[in-house]
Amino acid sequence: MKLIGISGTNVGDSATTLLLNFVKKEFSNLAEIEIIDIRQLPLFNESIEIGEGRLVQDISQKITEADGVIISTSEHNRSIPSALNSFIEWMSFKEHPFNNKPVMIIGTSIRIQGSSSAQLHLRQILDSPGVDAWVLSGNEFLLGSSGSAFDEQNNLKDASTIKFLRSCFKNFLHFIQAAKFLNASEEVHFEPGEYQVSAIGHNGKLPMTITVSKKRIEKIEIDTKNETEGIADTVFQRIPEQIVSGQTLNIDVISGASVTSHGVIDGVAEAIDLAGGDSAVLKRRPKPQNIVEQESLELATDVVVVGGGGAGLSAAACALKAKRQVIVVEKFPAVGGNTIRTGGPMNAADPDWQGTFAALPGEKATLEEVLSQDEDKIDEEYKNDFKKLKKQIENYLQSGNNKLFDSILWHRIQTYLGGKRTDLNGNEIHGQYELVKILTNKALESVKWLEDIGVEFDPNEVSMPVGAKWRRGHKPLKSQGYAYISALENFINNQGGKILTDTPVQELLIEDGTIKGVVGHNFEGRQVIIHAKSVVLASGGFGANTKMIQKYNTYWTKIDDGIATSNSPAIMGDGIKLGESVDAALVGMGFTQMMPVSDPVTGELFTGLQVPPANYVIVNKEGKRFVDEYESRDVLTQAAIDNGSLFYLIADDKIKETAYNTNQQKIDEQVAAGTLYRADSLTELAQQIGIEPDVFVDTIDKYNSYVDAGYDPEFGKEVFDLKVQVAPFYATPRKPAMHHTMGGLKIDKNAHVLNKNGVIIDNLYAAGEVAGGIHAGNRLGGNSLTDIFTFGRIAGTMAANNINDK
Amino acid sequence: MINLIGIVGTGAVESTNRKLLQYMKERFSVQATIEICELTDFPFFNKPVSKTAPETINRISEKIIAANGVVISTPEYDHTIPAALASLLEWFAYTTQPLKDKPIMITGASYGTLGTSRAQSHLRQILNAPELSGLLMPGREYLLGGSLQAFNDKGELMNSAKKEELDKYFEDFVRFVVKNQ
């Protein structure tokens with residue numbers, strides 16, 4: 001913890017300074033306090049460009065870097081000393097280091113009031129716009145009769161005073177922690193486009209057009225015909241330049257043209273807010289660097305990987321293993337992408353290992369179904385494998401083996417059958433054979449490879465992720481998504497790979513018609529040009545880009561504008577667009593996968609009351625059931641969409657006990673937050689969620705009678721457990737959320753990106769969700785990790801070999 | 001005819017508070033003489049142990065003591081008065097104390113709409129401190145917002161309501177000064 005101490009007095013050896021020195025000494029075990037002498041600054045005057053400008057900046061810098069500031073003030077004439085006043089004026093004129101900075105006020109006076117009036121003034125001053133400090137409230141430390149308060153060693157004499165000071169100081173440290181939390185998350189996202197605003201100029205309105213891309217202000221155009229020429233011209237040129245180069249609204253106004261300067265800055269701020277950004281965040285950003293420092297950063301490497309998720313990092317690791325130089329560029333501040341969000345294990349057939357686990361009831365029946373399946377319905381390229389699989393299954397069933405069965409072929413056929421779908425236009429899609437073959441052949445190799453890198457898997461559990469259809473999941477021992485990412489990141493750093501975060505790639509670098517790297521920019525807005533011999537696109541799908549999903553969708557009858565997503569907000573289809581810029585072919589773009597039972601706002605799966613389908617009742621906004629609660633994800637999703645997307649899971653006090661995701665405290669919090677509804681009667685619950693009570697009560701009565709009868713004449717639900725009858729009753733709002741996009745860039749088995757004529761695009765590779773063709777219409781749970789680590793490795797290896805070829 | 005000292009509450013080169021005082025000086029030249037003083041003439045208060053005032057402070061103090069009253073026009077910086085004005089008042093409080101029982105009129109001009117309301121309220125509290133003991137008229141304040149656009153080329157206030165308000169305030173102040181001689 002680093003703090004800055006300021007003694008607000010015009011004299012050196014006052015009690016005010018003694019108090020600050022005492023705080024520094026007494027609490028040195030809690031925080032490091034550096035005391036700044038403000039008397040080195042001259043009396044503030046806005047019109048004088050002082051030689052001390054550097055000094056102002058240096059002090060400002062120290063405050064900016066500190067965790068907090070303690071100001072000790074004397075009282076002069078019921079207010080703060082002019083020295084302190086002047087200091088704050090310097091710190092709120094061109095520099096604004098107190099912005100969102102935690103500040104603690106203490107003070108002394110010779111008489112008994114202990115600077116009470118000065119402290120109140122100081123609070124108001126620190127609260128003013130331009131200062132914008134965060135002042136610790138309460139904890140008023142007023143040291144009166146300061147002449148007799150200190151002993152000869154300059155320590156405070158009174159033990160209870162020290163005790164109180166300590167408690168104030170500890171509260172301040174706590175306040176600093178809270179402030180850190182508030183200061184986090186300073187990213188901005190814009191809805192790209194051109195925004196028209198009219199700022200206030202000196203002579204009236206200034207029409208302005210501001211162009212923004214997703215994360216940047218790209219262009220500021222000002223219609224200046226109404227403004228007088230002269231100094232304002234500098235404003236119209238320099239201020240937009242600084243805003244764009246620095247991506248900040250923390251811009252010095254031009255002396256002598258402050259109104260026009262503010263007009264331009266405020267106009268851009270308005271446009272930012274219109275574009276869905278937050279201008280306050282941009283105002284808090286540092287000032288633009290000197291233009292000289294804004295020149296492009298040029299780097300050269302063998303392989304550049306776009307995207308720092310599981311696919312990108314494994315591609316980078318493989319290229320490093322092949323002794324190539326590698327740079328990974330990630331647009332977010334940290335690597336991980338969607339991979340870090342995964343909770344599921346990774347599929348790989350490993351019959352020797354799986355054969356150590358007992359088979360479960362029902363698994364045999366599933367295998368028997370395969371034997372009875374009509375071979376004519378299997379697509380030609382898979383027929384041979386299907387026949388061989390049947391043989392394997394026959395042998396297994398005949399052997400009387402009671403252990404878990406699996407084989408590469410079984411994984412392959414399940415991936416194929418699971419992905420076979422027909423869209424609304426009648427177009428059929430299934431996984432491309434050569435890609436599915438590689439995926440299933442190399443899945444186990446990918447698990448072993450990850451073990452080499454440092455991922456530890458749990459040997460004692462073979463799991464079946466949601467939607468996986470078979471138990472072949474390898475589950476990391478450590479927290480799942482993070483286990484993969486941390487191991488890969490460590491490996492890359494140790495092997496000399498470079499990871500540039502906060503660096504979105506905007507375009508491919510093309511020289512003489514060939515891809516030679518990528519162009520992006522970093523968090524300072526500085527252009528970054530990376531020259532590379534191979535480019536691997538591993539930037540994920542487009543699950544967080546609703547517009548793009550709507551554009552391509554051919555599978556769902558409707559995609560809501562407000563659809564939530566389980567994806568990282570980074571997953572915007574960037575790599576697919578990069579591929580399209582070089583004429584790459586796309587495949588299966590209309591097919592996306594949704595999680596039907598998700599939080600309507602956040603897309604999260606584990607909020608509300610999640611109970612087994614045997615217990616929950618699903619009702620729509622009319623209060624009626626509309627689907628068998630046991631249906632598959634696809635059917636549930638489409639049924640929900642047909643019923644206006646939003647639906648409710650109804651439970652009662654007994655059903656609540658079967659919830660696997662929550663506890664009483666969480667339930668109470670969610671009820672208080674309005675994200676979960678609770679009522680003592682069904683009628684009241686219906687009223688809370690805006691459903692006609694009679695309809696709702698009727699629905700529940702009918703459902704309860706089906707449970708009694710063990711038969712559901714409406715939707716054919718087959719497994720029942722609890723009725724809905726014991727108050728209080730609960731309703732959890734749910735909505736399908738976007739989960740995975742199956743479509744993407746068309747690749748071959750070596751992860752080369754193909755163009756629309758099926759020809760390899762030189763130097764370009766793709767892996768992971770950015771590529772399409774594998775999962776086709778529906779991805780098996782647990783197969784995405786298999787995909788990214790298998791094709792990520794292939795892309796990295798091939799990108800490295802690409803250099804050998806030349 | 002009364003004699004007043006006008007204090008521009010900032011050292012800035014461009015100041016609408018200076019403009020306001022200059023306007024008042026012209027406008028009320030029949031009722032009063034106003035001598036305008038600049039803060040740039042005074043050093044930064046440093047609380048000398050000797051408690052003696054610098055020469056410039058002595059000089060303005062003598063003028064104030066000889067005058068019938070004082071007009072202070074203050075800007076607002078960070079919700080309070082400028083440090084330069086605070087520094088002058090610290091000199092007064094610490095050394096010569098010329099404002100004791102001296103009638104004081106407070107005005108203020110700001111670019112924004114509030115017209116220095118918070119600075120004026122601080123200034124009242126400050127002038128009320130025992131070492132300053134200025135004599136302030138209760139209930140009178142003059143807040144000139146939008147001051148950049150308030151004056152015409154000749155330095156005259158353009159808004160007639162604001163003009164009348166100032167006339168009225170000044171009339172009251174003259175009466176207040178006379179009463180307190």
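This is a predicted model: local features need pLDDT of at least 70, side-chain atom pairs count only at pLDDT 80 or more; totals for chains, interfaces and linings use all residues.
1. From H2(B), the residues Ile57(B), Asn58(B), Ile60(B), Ser61(B) and Ile64(B) take part. Their partners in H3(B) are Leu88(B), Trp91(B), Phe92(B), Thr95(B) and Thr96(B).

2. Now compare a pair in chain A: helix H12 (residues 380–399) and helix H13 (residues 408–419). Here the angle is about 130° and the axes are 9 Å apart. Because of that angle, H12(A) is oblique to H13(A). The crossing of H12(A) and H13(A) is left-handed.

3. Which residues of H12(A) and H13(A) make the contact? H12(A) contributes Tyr382(A), Asp385(A), Phe386(A), Lys388(A), Leu389(A) and Gln392(A). H13(A) brings Leu409(A), Trp410(A), Arg412(A), Ile413(A) and Tyr416(A). The residues in this contact comprise seven nonpolar, one polar and three charged.

4. Do have a look at helix H4 of chain A, residues 116–126. Its buried residues are Ser117(A), Ala118(A), Gln119(A), His121(A), Leu122(A), Ile125(A) and Leu126(A). What do the buried residues of H4(A) pack against? Within chain A, the partners are strands E3 (68–73), E4 (102–108), E5 (134–135) and E6 (141–143), along with helix H3 (82–90). Helix H4 (117–127) of chain B is also a partner.

5. Next, the nonpolar cores. The largest nonpolar core has 110 residues, and the members touching the most others are Val305(A), Ile530(A), Val535(A), Leu764(A) and Phe791(A). Take Val535(A) as an example: leaving aside residues up to four places away in sequence, Val535(A) touches Val304(A), Val306(A), Leu508(A), Ile515(A), Gly517(A), Val518(A), Asn763(A), Leu764(A) and Tyr765(A). There is also a second, separate core of 37 residues, with Tyr648(A), Ile650(A), Leu685(A) and Val707(A) among them.

6. Finally, step back to chain A as a whole. The secondary structure of chain A comprises 23 helices and 29 strands. Chain A has 806 residues, of which 56% count as buried. Among contacts in chain A with a separation of 6 or more, 74% join residues 24 or more positions apart.

Technical notes:
Residues are numbered from 1 along each chain as its sequence is written. Chains are lettered from A and ligands numbered from 1 in the order in which they are written. Side-chain values use heavy atoms; hydrogens and water are left out. Contact means heavy atoms within 4.5 Å. Helices (H or I, at least four residues) and strands (E, at least two) are DSSP runs, numbered from the N terminus. Buried means under 20% relative accessible area, exposed over 50%, partly exposed in between (1.4 Å probe, protein chains only). A nonpolar core is a set of buried Ala, Val, Leu, Ile, Met, Phe, Trp, Tyr and Cys residues joined through side-chain atoms within 4.5 Å. Axes are lines fitted to C-alpha atoms, for helices over the stretch in contact, and angles run from 0 to 180 degrees between N-to-C directions. Angles under 35 degrees count as roughly parallel, over 145 as roughly antiparallel, 65 to 115 as roughly perpendicular and the rest as oblique. A crossing is left-handed if the near helix is turned anticlockwise from the far one by less than a right angle, and right-handed if clockwise. Ala, Val, Leu, Ile, Met, Phe, Trp, Tyr, Cys and Pro count as nonpolar, Asp, Glu, Lys and Arg as charged, and the others, Gly among them, as polar.
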